[in-house]
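Colleague: I would like to learn how to read a protein model. Could you take me through a few features, one at a time?

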Amino acid sequence: MSKSLRLSEKWFRRGLWLVAIVFASFLIGLGSAVVGDLPQVEQVRGLDDFIDRSAAEPLRATVQAAETTERQAGSELEQAELQLGAAQQASQNARETFANWIATRRATERPDQDRELITRTQALDAFKADEDKAQRRVGTQQQIALDARQAGERAREQLAVLERAANDQLRAEYRRVELRVFGLRLALTLPLLVIAGWLFVKKRKSTYWPFVWGFIFFALFAFFVELVPYLPSYGGYVRYIVGIVVTVLIGRYAIVALNTYLARQKLAEAQPDQLRREELSYDTALVRLGKSVCPGCERPVDLKNADIDFCPHCGIGLFDHCGPCDTRKSAFSKFCHACGSAAGTRHPASTVLAPAP
Ligand SMILES: [Zn+2]
Ligand SMILES: [Zn+2]
């Protein structure tokens with residue numbers, strides 16, 4: 001893509017870049033549709049597909065039964081504790097009443113109350129017995145809950161061992177699935193990348209460059225969106241290695257391109273002035289002059305200094321004088337800006353309008 005200063009050409013180029021982008025977006029859309037329609041080869045499997053079912057099922061049943069028992073024992077325990085509280089309260093009240101009665105009895109010293117003493121003591125014993133019974137019920141429920149909890153814990157520990165083994169297998173399976181998915185995507189993306197690389201090296205300046213660049217954008221999108229996120233990680237090894245390889249490839253290409261450019265430039269600078277001038281495109285020369293660099297060697301030169309007619313770096317002529325009118329003008333202009341004669345016109349008297357040789 002040589003630089004151009006023509007206004008329409010500039011806008012045409014911008015339009016063609018738009019064509020490249022639109023072309024790329026349609027390719028990307030088509031690519032995603034194709035990828036989306038691929039048969040979904042991998043169904044995600046779960047832990048249950050790998051666990052030893054014959055061993056795990058009874059353990060799970062045990063855990064569940066233990067939990068149910070524990071829950072039941074818990075609610076029974078609440079009831080029993082409530083009853084124990086009531087029995088203790090009743091017993092306490094009875095003891096206080098008895099103590100009061102005894103105190104009264106001592107004060108009055110009435111022997112006819114001996115029979116009543118026995119009856120009251122018996123009643124007190126009955127309260128105490130109730131209290132003991134409630135206490136035992138509480139103890140029983142606590143024992144049941146404890147047994148259930150311990151049984152559940154044992155079952156859970158055994159289950160955890162089984163699940164760890166199954167988890168290892170599941171992770172290995174995930175890695176295999178990951179690799180398969182990546183392989184499939186690589187098989188789709190790699191040819192695109194190879195074609196894009198070839199197009200970039202060989203065809204990026206061809207007449208149909210908007211399509212070439214559209215395809216390159218598409219391939220890059222496919223690489224970064226459809227392939228890179230599916231790179232298997234292996235603890236980061238693969239990603240870093242791929243990054244290193246890609247960087248080395250791009251860096252090598254840039255270094256080779258720089259050396260080629262420098263060699264070509266050196267060769268060009270060794271050629272005679274006229275030949276170099278012919279090899280430079282008019283528009284390229286104008287763009288470089290506009291940036292105050294020598295069109296021949298691309299090094300900075302002071303174009304405003306009227307004493308400088310030749311590039312001090314490479315010796316290419318920057319300014320010359322019009323044949324017919326002797327005005328100092330840019331050596332790259334095709335016509336004299338003062339008299340309109342074509343550049344290179346030598347004899348003012350006879351060949352003012354003659355074309356350049
Ligand atoms: Zn130069
Ligand atoms: Zn002139």
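Colleague: Which helix is included in what covers the buried residues of α1?

Modeller: Keep in mind that this is a predicted model. In an α-helix there are 3.6 residues a turn, so residues three or four places apart point the same way. Here, the buried residues of α1 are A20, A24, L27, I28 and G31, and their cover includes α4 (209-227).

Colleague: How many residues does helix α1 have, and how far does it reach?

Modeller: Helix α1 (residues 7-37) has 31 residues. From first C-alpha to last it reaches 45 Å, close to the 45 Å expected at 1.5 Å a residue.

Colleague: Thanks! Now S91: does it count as buried or exposed?

Modeller: S91 counts as buried because its relative accessibility is 1%, and buried means under 20%. You will find S91 in helix α2 (residues 53-108). Beyond its neighbours within four places in sequence, S91 is in contact with F127, K128 and E131. With E131, the side chain of S91 makes a polar contact of 3.0 Å.

Colleague: Which atoms coordinate the zinc ion (ligand 1)?

Modeller: The SG atoms of C294, C297, C311 and C314 do, at 2.2 to 2.4 Å. Ideal angles for four tetrahedral donors are 109.5 degrees. Around this zinc ion the angles are 104 to 113°, which makes the arrangement tetrahedral.

Colleague: How are the donor residues spaced in sequence?

Modeller: Their spacing is C-x2-C-x13-C-x2-C. C297 and C311 both lie in the loop between α7 (282-290) and β1 (319-321), so this pair ties together parts that are 14 residues apart in sequence. Both C297 and C311 are buried.

Terms used. Residues are numbered from 1 along each chain as its sequence is written. Chains are lettered from A and ligands numbered from 1 in the order in which they are written. This is a predicted model: local features need pLDDT of at least 70, side-chain atom pairs count only at pLDDT 80 or more; totals for chains, interfaces and linings use all residues. Side-chain values use heavy atoms; hydrogens and water are left out. Helices (H or I, at least four residues) and strands (E, at least two) are DSSP runs, numbered from the N terminus. Buried means under 20% relative accessible area, exposed over 50%, partly exposed in between (1.4 Å probe, protein chains only). A polar contact is a pair of N or O atoms within 3.5 Å; within protein, one must be able to donate a hydrogen and the other to accept it, and residues adjacent in sequence count only if both atoms are side-chain atoms. Contact means heavy atoms within 4.5 Å. Donors are N, O and S atoms within 2.8 Å of the metal (3.2 Å for Na, K and Ca); water is not among the atoms, so sites may look incomplete. Four donors count as tetrahedral if all angles lie between 85 and 135 degrees; four count as square planar and six as octahedral if opposite donors are over 155 degrees apart and all others between 65 and 115; anything else is irregular. The expected span of a helix is 1.5 Å times one less than its number of residues.
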